[in-house]
Amino acid sequence: FGIGGEQIQAHLVGSVLGRVDLSSWTIDPTMKTGDITISADGETISVVLPYPEVTRPFLDETQSSFNNHVIGYFTSSDPNLWQAAHAQAAAMLVSQACEQGIGEKARIEAENQIKVIFGLGFKRVFVQTRPATKVCGS
């Protein structure tokens, strides 16, 4: 009845990136153990990548809009409503990206890039990715 409460309708546009954090690599200086190993003949390299992680979402403020802001008669405006709307939108972006397979897409792209980079110096490049250790986006 419009007596109490506050609501806002938002149209938010943004993006979420999947990335592989190579800082977790373990590399033995001899290249005989760890996440990067090189064969004795120096022609083959094996690389183990960490599973991609989801970065924080980026909301595109130029394409996003807030509209239909309604405040009930006996309610004062909530100063945190805008931040709550942004937080909820960010969570929804991550959830949607996960449902659309961002982790798997990032894994394939990372493996392909590593093959290209190391393919410049080695005859054979083997790349594998560790299994995911957490749920996408968490």
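This is a predicted model: local features need pLDDT of at least 70, side-chain atom pairs count only at pLDDT 80 or more; totals for chains, interfaces and linings use all residues.
## Around isoleucine 114

Setting aside neighbours within four places in sequence, isoleucine 114 touches Trp25, Val47, Leu49, Gly119, Val125 and Val127.

Ile114 belongs to the largest nonpolar core, a set of 11 residues. Three elements each put in at least two residues: strand E5 (44-49), helix H2 (102-119) and strand E9 (124-129). A separate core of 7 residues lies apart from this one, with Val16, Ala89, Val94 and Ala97 among its members.

### The wider fold

Stepping back, the protein has 2 helices and 9 strands. Along the sequence they run β-β-β-β-β-β-β-β-α-α-β. Of the contacts between residues at least 6 apart in sequence, 78% join residues at least 24 apart. Buried residues account for 25% of the 138 residues. The accessible surface is about 9,200 Å², and carbon and sulfur atoms hold 57% of it.

### The sheet and the helix on it

E4, E5 and E9 form an open sheet of 3 strands, in the order E4-E5-E9 and with mixed pairing. At the edges sit strand E4 (36-38) and E9, each of which pairs on one side only. From one strand to the next, the twist averages 10°.

How do E5 and E9 pair, in the parallel or the antiparallel sense? They are parallel, over 6 bridges. One place to look is isoleucine 45, whose bridge partner in E9 is valine 125.

### Salt bridges

Side chains of opposite charge can pair when their charged atoms come close. Here the count is 6 salt bridges, and the table lists some of them.

| Glutamate 53 | Arginine 19 | 2.7 Å |

Take the pair of glutamate 53 and arginine 19, which meet in a salt bridge. Glutamate 53 is in strand E6 (residues 53-54) and arginine 19 in strand E3 (residues 18-19), so the link joins distant parts of the chain, 34 residues apart. Glutamate 53 is partly exposed at 24% relative accessibility, and arginine 19 is partly exposed too, at 40%.

Glutamate 43 is in the loop between E4 and E5 and lysine 123 in the loop between H2 and E9, so the pair ties together parts that are 80 residues apart in sequence. Glutamate 43 is partly exposed, with a relative accessible area of 26%, whereas lysine 123 counts as exposed at 64%.

Elsewhere, salt bridges with shared partners join Glu43, Lys123 and Arg124 into one network.

Methods. Residues are numbered from 1 along each chain as its sequence is written. Side-chain values use heavy atoms; hydrogens and water are left out. A nonpolar core is a set of buried Ala, Val, Leu, Ile, Met, Phe, Trp, Tyr and Cys residues joined through side-chain atoms within 4.5 Å. Buried means under 20% relative accessible area, exposed over 50%, partly exposed in between (1.4 Å probe, protein chains only). Helices (H or I, at least four residues) and strands (E, at least two) are DSSP runs, numbered from the N terminus. Contact means heavy atoms within 4.5 Å. Accessible areas come from the Shrake-Rupley method with a 1.4 Å probe; for residues, only the protein chains shown count as cover. Two strands pair if DSSP finds at least two bridges between them. Axes are lines fitted to C-alpha atoms, for helices over the stretch in contact, and angles run from 0 to 180 degrees between N-to-C directions. A salt bridge is a side-chain nitrogen of Lys or Arg within 4 Å of a carboxyl oxygen of Asp or Glu.
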